[in-house]
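Good morning, and thank you for coming. Please look at the structure on the screen while I take you through some of its features.

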Amino acid sequence: MHEQPVELTPLDLQNRLQQARQLINDGQREQAFALLRNTLLALQGQDTSHLSDPMRALRRLTNTIHPVWWNELGDHRVRLRRTKAEDAAFFAQLYADDDWARRFNRQQPWSGNLARALDNAGKKPPLETGDIQWIVETPLGQRLGLLSLSSLDWGNRKAEISIGMVKGVSGRVTLSAFTHALRFAFEAVNLNKLYAQVYTDNPLPRGLLQRLGFIEEGLLRDHYYLPPGQFHDVWVLGLTRKDWDSNPHVRKVARYTDSLTPATATA
C-alpha cells in the first residue's frame with residue numbers, strides 16, 4: 001500500500017534512511033526497498049529543493065538495493081543468476097582448467113574461503129562491490145559458465161562485460177546468455193556503455209562481440225603482466241546505448257531471446 005503525499009522534513013527523511021539501513025543490516029533488503037520507494041512516492045509532485053541532501057541519499061540507497069540487481073534472467077534455453085556458496089566447486093573446477101581460464105580471465109581467482117566469497121558476491125549490492133557475477137545455467141540447473149559485469153561505474157553508466165562457457169556449449173546458448181546480459185545492462189539498469197577486453201591470442205570472443213554490435217576501439221599493448229611472467233596485448237571493444245538502440249542487426253540478434261523483463265531501476 002503506497003503512502004499518500006505528505007510533507008516530510010529533512011529529519012523525517014534521515015529517520016527513514018536510518019530505518020532502511022537497519023533493515024538492510026537485519027537482512028531485510030526487500031522491506032528496506034519498499035520503505036524507500038514508498039517515501040519517494042509520497043514526495044512526488046512536491047517541492048523538495050529544501051531536501052536536496054537527504055533526497056540524494058534516498059535515491060542513491062534506493063538504486064543500490066533495487067530488486068532488479070538480484071533478478072534472474074533467462075529464457076527456455078538458458079538462465080543467469082547471482083552466485084551462491086554451493087557454486088564454489090564449479091568455480092574452482094573452471095579456474096583449474098587452464099584452457100578455460102586462458103579464454104575467460106587470466107587473473108588470479110578468489111582465494112581463501114571460496115564458498116563464503118561467492119555467497120557474499122551474490123548477496124551484496126553491485127553498486128557497492130563494483131561488479132555482478134552470474135552463473136550461466138540451463139533452466140534445470142546445469143551450470144554452463146560464468147558471466148560478469150565488472151568495474152561498474154554508476155556515475156559514468158558503464159561496465160566491463162566478460163563471459164566464459166564450458167566446452168561443448170552451443171553458440172546459440174552462449175549468444176542467448178550474452179544477450180540477456182546486454183538487455184539487463186541497457187534496458188533494466190540504464191547503463192550507457194559496455195566494453196570488453198579480449199586477449200589478442202584468443203580471437204573467438206572478438207568475433208562474438210562484433211556480431212553483437214561491439215565496435216573495436218583500440219589495442220592496448222603489453223596491458224597485463226600475467227603468470228608465468230609475460231606481457232599480453234588486449235583488444236578493447238565497446239557497445240553504447242545508442243548502438244544498442246539503433247543498430248538493426250543488434251536488435252535482430254536480441255529478438256532471439258525471450259527475456260524475463262525485470263523492473264527498471266530508478267535513475
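I shall begin with a term: a residue is called buried when its relative accessible area is under 20%, exposed when it is over 50%, and partly exposed in between, using a 1.4 Å probe and protein chains only. The model is predicted, so local features need a pLDDT of at least 70 and side-chain atom pairs count only at pLDDT 80 or more, while totals for chains, interfaces and linings use all residues. Residues are numbered from 1 along each chain as its sequence is written, and side-chain values use heavy atoms, with hydrogens and water left out.

Let us turn to the aromatic rings. A pair of aromatic rings is described by the distance of the centres and the angle of the planes. Rings of Phe, Tyr and Trp (for Trp, its six-membered ring) pair if their centres lie within 6.5 Å; planes under 30 degrees apart count as stacked, over 60 as edge-to-face, and the rest as tilted. How many aromatic pairs does a search of the whole structure find? The search finds eight. In one of the pairs, the ring centres of tryptophan 69 and phenylalanine 184 are 5.9 Å apart and the planes meet at 70 degrees, so this pair is edge-to-face.

To place these residues I need helices and strands, which are DSSP runs numbered from the N terminus: helices are H or I with at least four residues, and strands are E with at least two. Tryptophan 69 is in the loop between helix 3 (52-64) and strand 1 (73-74), and phenylalanine 184 is in helix 8 (residues 171-188), so the pair links distant parts of the chain, 115 residues apart. Are the two residues buried or exposed? Tryptophan 69 has a relative accessible area of 1% and is buried; phenylalanine 184, at 2%, also counts as buried.

A further edge-to-face pair is formed by tyrosine 95 and tryptophan 100, with 5.1 Å from centre to centre and 75 degrees between the planes. Both tyrosine 95 and tryptophan 100 are buried. Ring pairs also link Trp69, Trp134, Trp154 and Phe184 into a cluster.

Charges may also sit over rings. The criterion is that NZ of Lys or CZ of Arg is within 6 Å of the ring centre and within 35 degrees of the ring normal. The charged end of arginine 157 sits over the ring of tryptophan 154, 4.0 Å from its centre. Likewise, arginine 206 has its charged end over the ring of tryptophan 235, 3.7 Å from the centre of that ring.

Next, helix 3. The expected span of a helix is 1.5 Å times one less than its number of residues. For the 13 residues of helix 3 that gives 18 Å, and the end C-alpha atoms are 18 Å apart, which agrees. Its buried residues include Pro54, Met55, Ala57 and Leu58. Among the elements that cover the buried residues of helix 3 are helix 1 (10-25), helix 2 (29-42) and helix 7 (126-129).

Which residues is leucine 80 in contact with? Contact means heavy atoms within 4.5 Å. Leucine 80 lies in strand 2 (residues 79-82) and is buried, with a relative accessible area of 0%. Leaving aside neighbours within four places in sequence, its contacts include Trp134, Leu147 and Ala181.

Asparagine 202 is in the loop between strand 6 (193-199) and helix 9 (204-211), and it is buried, at 5% relative accessible area. Apart from neighbours within four places in sequence, asparagine 202 is in contact with Arg102, Arg103 and Arg106.

Most residues other than glycine have a negative phi, and most peptide bonds are trans. Serine 151 has a positive phi of about 45 degrees although it is not a glycine; this serine is found in strand 4 (143-153) and is partly exposed, with a relative accessible area of 43%. Asparagine 190, also not a glycine, has a positive phi of about 60 degrees. Asparagine 190 is in the loop between helix 8 and strand 6 and is partly exposed, at 35%.
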